[in-house]
Every structure is written in C-alpha cells, then in structure tokens.
Amino acid sequence: MTRLLPTSTAGSLPKPSWLAEPEKLWSPWKLQGDALIEGKQDALRVALQEQTCAGIDIVSDGEQTRQHFVTTFIEHLAGVDFNQRETVRIRNRYDASVPTVVGAVSREKPVFVEDAKFLRQQTKAPIKWALPGPMTMIDTLYDAHYKSREKLAWEFAAILNQEARELEAAGVDIIQFDEPAYNVFFDEVNDWGIATLERAIEGLKCQTAVHICYGYGIKANTDWKKTLGDEWRQYEKIFPKIQQSNIDMVSLECQNSHVPMDLIELIRGKKVMVGAIDVASHTVETPEEVAATLRKALQFVDAGNLYPCTNCGMAPLPRAVARGKLQALAAGAAIVRQELTA
Ligand SMILES: [Zn+2]
C-alpha cells in the first residue's frame, strides 16, 4: 500500500434486501439456483462500488456470497454433518444449534476462490479476504469425532492453508483470519491457538492478518460486553504472543470500546488495523470522531503501520448506516493523513 493510512473494513457489509433479509445474521437467501449465483455476484459488485465511492482503499467482497462468516466455510468441508445438530455454547456466551463433526474433515473443493477471482476482475485496488480462524471454527461446531479442540483446530489450519494459498494465487493481497474466540479462551490461544494460525499462513507471500473483536452488535454480544467492566484488557493476555508470531497485521476494536488504547503498544512492530467505526451502534461517526481515535492510536502505532478500519463486520446494520460509516471512515482518515503530511 503506497498511501499513508489506507482504509479498509473488517469484512462484511449489509446485503441488498433482494438477496437476503436485511439486519439479520444467518439470513436465508431469497434466490435459488443460477439466480442465486448471479444475485451474489451482483451484490458483490454493489458492495465493491459502495466501498470505492466512499473512498475505501483496501476493498473486500463485503462477504456477499456467504450466509455467515464461519458456517459458510464449514458447509464446504467433508466430515461435517449439517443435519446432525447439537446445541453448544458459542464463545462461552450464547447457545446455538450447530452442525456435528462426524468424521475426518477435509476440503474437497475450493470455497471462496471463484468469488475472489471475480472480485479481482472488478478492481485494481488491493483486496482483503476474510476467512474464519481455526479456533473460531471449532467453537462453532459440535465435535463427535476428534474429541479434542486442539486436534480439530490443527486439521482446520491445514485446510485453511490450502484455501489461503489458492486465494493468494487468485490475486488477494491480504488474507485475514477472524478470531473473535481469541478474546475468550486465553490459555488455548497461547497454548496452541496462535500456533495453529501460523500453520494456516504457512508459505504465504501475501500479507496476513488476524481480526480479534468483541463481535457483531447483536444482543448476546452487547449483553456480554456489559459484564466486562470499565476496562477491557482481554487483548493484554494474547498480544505478547501475537507480537512474536509471523502474522503481519492485527485488526482490533477501538471505537467506543473500553479497550485501553495503550495495549496496542504490546504489538509494536505489527501493522495495526485500528477499528475507528463502532458496528454496534446505528449512529454514524463524524469524520472528526474517527480522526480522534486514529490520533490516539498513533501514540502506539507508527503511522506507516496504521490501517484505519471498522471494529468488526457491518452485515447486521441497515445499508444506509453502513454506507455512512464507510464515508466517515474515509473522511476521518483523510483528516489525519493531511495532518501527518502537512
Ligand atoms: Zn469481528
């Protein structure tokens, strides 16, 4: 990225109402068959256009072709039975009915590679592609086969590496692994979570990122956040090990959050995607609010390593709100960019 403070999003954007019911997670598709394939591609074009018009520098597919950031990837794998469902507690926070691992897991065909090629054809801008991380994947499943979270995570890491290598070959510039589970299972993160992530990025020459957030603005998450107290120090437990890892970039939640900004110091040297947009609120930030968050972050990140971003995905937000937030992000970054270069 040549430009200072290149902007991007954590990943997802709202889907058009003709494709899926808005403001809802796991929203069912409204189209079928070939119409669905075409509809997803059209939605991807719209998501790209909205990012481009807003002035976002590093673009994504807005996750328009997936129903959910974890489930859709898992649906493409062998060894998981979606008809055999069990209720599990996701990230120790809310119960969900999830599919069951019934045998050895494997990736029989690419999952997002065609979508990535399609996005690559539509733009010359740098592309970021999000994949679920190994720990967050195992946390969204019931495992009746391996009976070991660690073992299953290593299996998923190998599968993710296959997918990531093909995404890189398709022209993706940054591959991001979403690991909200890192904010919950600190011991596992340090014991094997980061090691499995390094397995997932093995051999990649493109940039790699890990996104660690406090989740979408859904009720289970906002209720959980109320229990975390005035200072959210979760990052403190995992940053030292991430700082020593091979991951190039870390995507974090900072806007309206109770995360003390000085924790970023613990990953000094990494590129930091600073969340300057709150996805749990429908209030659109002003460019000045975005700028204020970025200025604060600059105390702990070198300007050349600062990537203004959103706290998390914006899939559950109304489209007009998400559009406003994209514009605010770009405008806020522009203010600080000008200050830095003046
Ligand atoms: Zn997130």
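Predicted model: local features only at pLDDT ≥ 70, side-chain atom pairs only at ≥ 80, totals over all residues.

1. The protein has 10 helices and 9 strands. Its radius of gyration is 19 Å, close to the 20 Å that the globule rule gives for 342 residues, so the protein is as compact as a globular protein of that length. Along the principal axes, the C-alpha atoms occupy a box of roughly 60 × 45 × 40 Å.

2. Burial and contacts. Of the 342 residues, 46% count as buried. Among contacts with a separation of 6 or more, 78% are between residues 24 or more positions apart.

3. Helix α3. In α3, residues 113–122, the buried residues are D115, A116 and L119. Viewed down the helix axis, these buried residues fall within an arc of 100 degrees, so they line one face of α3. Their packing partners are α1 (33–54), β3 (128–132) and α5 (149–169).

4. Helices α6 and α8. Two packed helices are described by the angle between their axes and the distance between the axes. For α6 (residues 186–200) and α8 (residues 234–243), the angle is about 15 degrees and the axes are 9 Å apart. An angle under 35 degrees counts as roughly parallel, so α6 is roughly parallel to α8. The crossing of these two helices is right-handed. On the α6 side the contact is made by F186, V189, N190 and I194, and on the α8 side by K237, I238, K241 and I242.

5. Helices α1 and α10. Helix α1 also packs against α10 (residues 319–341), at an angle of about 35 degrees and with the axes 8 Å apart. The crossing of α1 and α10 is right-handed. From α1, the residues involved are E50, Q51 and A54; they meet R323, L326, Q327 and A330 of α10.

6. The loop between β1 and β2. Which backbone angles deserve a look in this loop? Most residues other than glycine have a negative phi. R91, in the loop between β1 (77–90) and β2 (94–107), has a positive phi, near 45 degrees. N92 lies in the loop between β1 and β2 as well, and its phi is also positive, near 60 degrees.

7. Are R91 and N92 buried or exposed? R91 has 20 other C-beta atoms within 10 Å and is buried; the cut-off for a buried residue is 20 or more, so R91 sits at that limit. N92 has 10 C-beta neighbours inside 10 Å and counts as exposed.

8. P22 and its surroundings. P22 belongs to the segment before α1. With 15 other C-beta atoms within 10 Å, P22 is partly exposed. What does P22 contact, leaving aside its neighbours within four places in sequence? The contacts are P14, K15, S17 and P318. P22 and R319 are 297 residues apart in sequence, but their C-alpha atoms are 8.4 Å apart in space.

Conventions: Residues numbered from 1 in each chain as written. Helix = DSSP H or I, 4+ residues; strand = E, 2+ residues; numbered from the N terminus. Rg over C-alpha atoms; globule rule 2.2 N^0.38 Å. Buried ≥ 20, exposed ≤ 12 C-beta atoms within 10 Å, placed from the backbone. Contact = placed C-beta atoms within 7 Å. Arc of directions from axis to C-beta. Axes fitted to C-alpha atoms, helices over the stretch in contact; angles between N-to-C directions. Parallel < 35°, antiparallel > 145°, perpendicular 65-115°, else oblique. Left-handed = near helix turned anticlockwise from the far one by under 90°.
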